[in-house]
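Please keep the structure open while you read them.

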There are 6 protein chains.
Amino acid sequence: MKLTHLDENNTPTMVDVSNKDNTTRVAVASGVIEVTREAYEAVVTNSAKKGPVLQTAVIAAISGAKQTSNLIPMCHPLMLTSVKIEVEEIPEIPAFKLYAKAKLVGKTGVEMEALTAVSVGLLTIYDMLKAIDKGMVIKNIQLEQKSGGKSGDFNR
Amino acid sequence: MKLTHLDENNTPTMVDVSNKDNTTRVAVASGVIEVTREAYEAVVTNSAKKGPVLQTAVIAAISGAKQTSNLIPMCHPLMLTSVKIEVEEIPEIPAFKLYAKAKLVGKTGVEMEALTAVSVGLLTIYDMLKAIDKGMVIKNIQLEQKSGGKSGDFNR
Amino acid sequence: MKLTHLDENNTPTMVDVSNKDNTTRVAVASGVIEVTREAYEAVVTNSAKKGPVLQTAVIAAISGAKQTSNLIPMCHPLMLTSVKIEVEEIPEIPAFKLYAKAKLVGKTGVEMEALTAVSVGLLTIYDMLKAIDKGMVIKNIQLEQKSGGKSGDFNR
Amino acid sequence: MKLTHLDENNTPTMVDVSNKDNTTRVAVASGVIEVTREAYEAVVTNSAKKGPVLQTAVIAAISGAKQTSNLIPMCHPLMLTSVKIEVEEIPEIPAFKLYAKAKLVGKTGVEMEALTAVSVGLLTIYDMLKAIDKGMVIKNIQLEQKSGGKSGDFNR
Amino acid sequence: MKLTHLDENNTPTMVDVSNKDNTTRVAVASGVIEVTREAYEAVVTNSAKKGPVLQTAVIAAISGAKQTSNLIPMCHPLMLTSVKIEVEEIPEIPAFKLYAKAKLVGKTGVEMEALTAVSVGLLTIYDMLKAIDKGMVIKNIQLEQKSGGKSGDFNR
Amino acid sequence: MKLTHLDENNTPTMVDVSNKDNTTRVAVASGVIEVTREAYEAVVTNSAKKGPVLQTAVIAAISGAKQTSNLIPMCHPLMLTSVKIEVEEIPEIPAFKLYAKAKLVGKTGVEMEALTAVSVGLLTIYDMLKAIDKGMVIKNIQLEQKSGGKSGDFNR
């Protein structure tokens, strides 16, 4: 099985996408952070008023998506045309689930941008809550769907 | 319960650590990426020779730790004195588990640096393997231990 | 009158602060953005609910402060120990006034960090409102006060 | 009045420009820094010889334009095709006025890039002169004109 | 002889490429680092096993190529479609020679990206070996070839 | 011979400097770019007036020094206390020689910062002149001297 990010010498390489078509590519990723009841309440109570914890996470997630090619060594620099974030409150765990949808008209997919946005958003929630709870766990960062490009669509 | 990253107006703020002591602070975090058997074999077979997938992840994790304050809005810029990464191969799942240990002599802890290193390292493994398997799941990014600073030690 | 950022050949230089003391240094800067009545109402009405425009500006301002030494060529890289932002609503103009207070225990002042935070925060408000009003004007970005360091305190 | 940078949940979002045309877009912005007579003379006298203060500002402004999407959270990453800076000396105030013209062939406008270039350029002048004068004031950062794109041209 | 990066006022400027064609542009650069016998053996012996020194250099070179427009003030931000690195071992000097090939479909050439990749890769080898040998010399960073664009091809 | 940047598993690592002393550390590096007579004259003639080519190189070199830990994977983030650049004109080759002196009060040396400054400065000269001459060669990037720290001084 070929690892496309390794060249014929097994050296990491930025895959050549020069000849790929400029098409609209979309990727949706998600991930969860499980928190204590106390931390959860601190967020949603606050959220009822101004929502600064989750808003900080949303903004960090969008900014993080734009840093993908600086963070992931073999990722191409891309001109994202859209990043949209949603945070779902899951009181019964309790947890927060963060979705990121990234879009591009270009030569390569945006899965890594969506996954990076989710990761940075969840890390930001961790940071905002860590004075209350250091035991929080980030879980299930995964691609939900992907469309556009020759490798075909993906739906979990 | 006070969220330290919000000020008296519920506005996000970079906590004032001016008066904290410069002490040695250490944090260890970990996380897992579950992959298909085929992807796992592609890495470890290759690893037997040159290990480029996991080495790229290690390097990205260290570089990622240094980007923490650019990614997480309320994080202080820090002068990390050490970042050390280990990757454990878990053939029975199959999965890779990545550990990051961050160190600092300074005024605030390095949990976020360790967690960011883990996240970026795991995202890099995803990126290197995504041509084989888009269904990989990143799991259980968590703080393992923390020492130094007034808030006390943490051991999971 | 000596320009400290030029050396003996009139070449720009990063001033040598190696021998300066590590003291607590504080700087407060402010700036204003004047907007149309319609744009003002869009923010504060929204603000009553969730405040996303001004919160985005606050977060951008804090992140911007951390980018100062990447933006201003002769600025030293610094380890800010605190950045605090406040936004004042001025309905009678209408306008928003943004204050940034930056703090450091180190060898050089943080005026540029406070001024950069203000600039980036105001630019972010412009960006968030420019679909309504492209004629907004950013005004009076200035140092309000400064303390710490050998050059003495400053109060406007 | 719709704020395009907020989605249906009032969450900040990077506007979807995927379906916009790739057209040539131009924006010109300007801003002023008022300085003391003494600081003004230090620059222009020096300028007569080598101009390092204003040249540093020009270079910082161009570099700053390229950082726009890293600084302003909802800005799209863009491939600027041109950035041109001019500095006008205004001895009668005394002040310096900085103009930035940004250009792009792409899907969204470059107002923020022009405004960011102006802001960073003026902050750099402040930094270069602050040993002489900490009371300098940055004023009237504003869009002068804009063309290209569906929202129509703007001329102040 | 016209310096294209200076405008009519001799001010540095980012050349306007708005009207240039989007064509495939390729550049290859190379450079050498001469090391002591002892340092050379430490790398290649190690390389026989896992190659971490040269692999770190390869990854840094690719990441460095993506930072070109942040490092070189007048460079346009570009969307590289490929970066490929090769390291040649030259036991008889002893030295390592690093080649970088950069590719783009766009409006301007990628010489600077290839040259920056080479520089960062060689600096990384220096960093990895400097505990053994501080006298290493980086030599002959140069463009090997270039194609695409109106200014014609270049072959050394 | 131990490569300090590889740990016991031959994995790249950011060396632990937590226990090192905070001392004043200085490094001087240099490098040369050989150019055609025509390119040389374009710079120095211009230099007689305003010097924008070499000034751009100086500013890029200082900014580049501050990016060292983002470019070189195993480098520690550092708070440089001084960066000073000099450019020597060598008409008889013709060439330009760039010197960078970096300083820090901290736990690890600044060789890489000085070498990175030199590299970025020379790449910037290349960029500014490449419309005239693509055959320029960057040569002899090397450490000139180093002091401070336990590993002893270095003088070439």
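1. To start with a question: how many residues of chain E are in contact with chain B? Six residues of chain E touch six residues of chain B, where contact means that the C-beta atoms of two residues, placed from the backbone, lie within 7 Å. The side of chain E that touches chain B divides into two nonpolar residues, three polar and one charged.

2. A word on conventions. Residues are numbered from 1 along each chain as its sequence is written, while chains are lettered from A and ligands numbered from 1 in the order in which they are written. This is a predicted model, in which local features need pLDDT of at least 70, side-chain atom pairs count only at pLDDT 80 or more, and totals for chains, interfaces and linings use all residues.

3. Chain B is superposed on chain A by a rotation of 180° with 0.0 Å of shift along its axis, at an RMSD of 0.0 Å. The C-alpha of B:Lys139 is the one in chain B nearest that axis, at 2.2 Å. Here, too, the copies meet through the same surface, because 100% of the interface residues of chain B are also interface residues in chain A.

4. The contact between these two chains takes 51 residues from chain B and 51 residues from chain A. On the chain B side, α1 (37-49), α2 (52-66), α4 (111-129) and β4 (137-147) each supply at least two residues; helices (H or I, at least four residues) and strands (E, at least two) are DSSP runs numbered from the N terminus. With eleven residues, α4(B) gives the most. By class, this side of chain B has 27 nonpolar residues, 14 polar and ten charged.

5. Strand β4 of chain A and β4(B) run antiparallel and are joined by two bridges; strands pair if DSSP finds at least two bridges between them. A:Ile138 stands opposite B:Ile141.

6. Within chain A there are four helices and five strands, in the order β-α-α-α-β-β-α-β-β from the N terminus. Its C-alpha trace spans about 50 × 30 × 25 Å along the principal axes.

7. Finally, two pairs that do not touch. Chains B and D have no contact, and their closest C-alpha atoms lie 9 Å apart. Chains A and F likewise have no contact, with closest C-alpha atoms 9 Å apart.

Notes:
Least-squares fit on C-alpha atoms with pLDDT ≥ 70 in both. Nonpolar A, V, L, I, M, F, W, Y, C, P; charged D, E, K, R; others polar.
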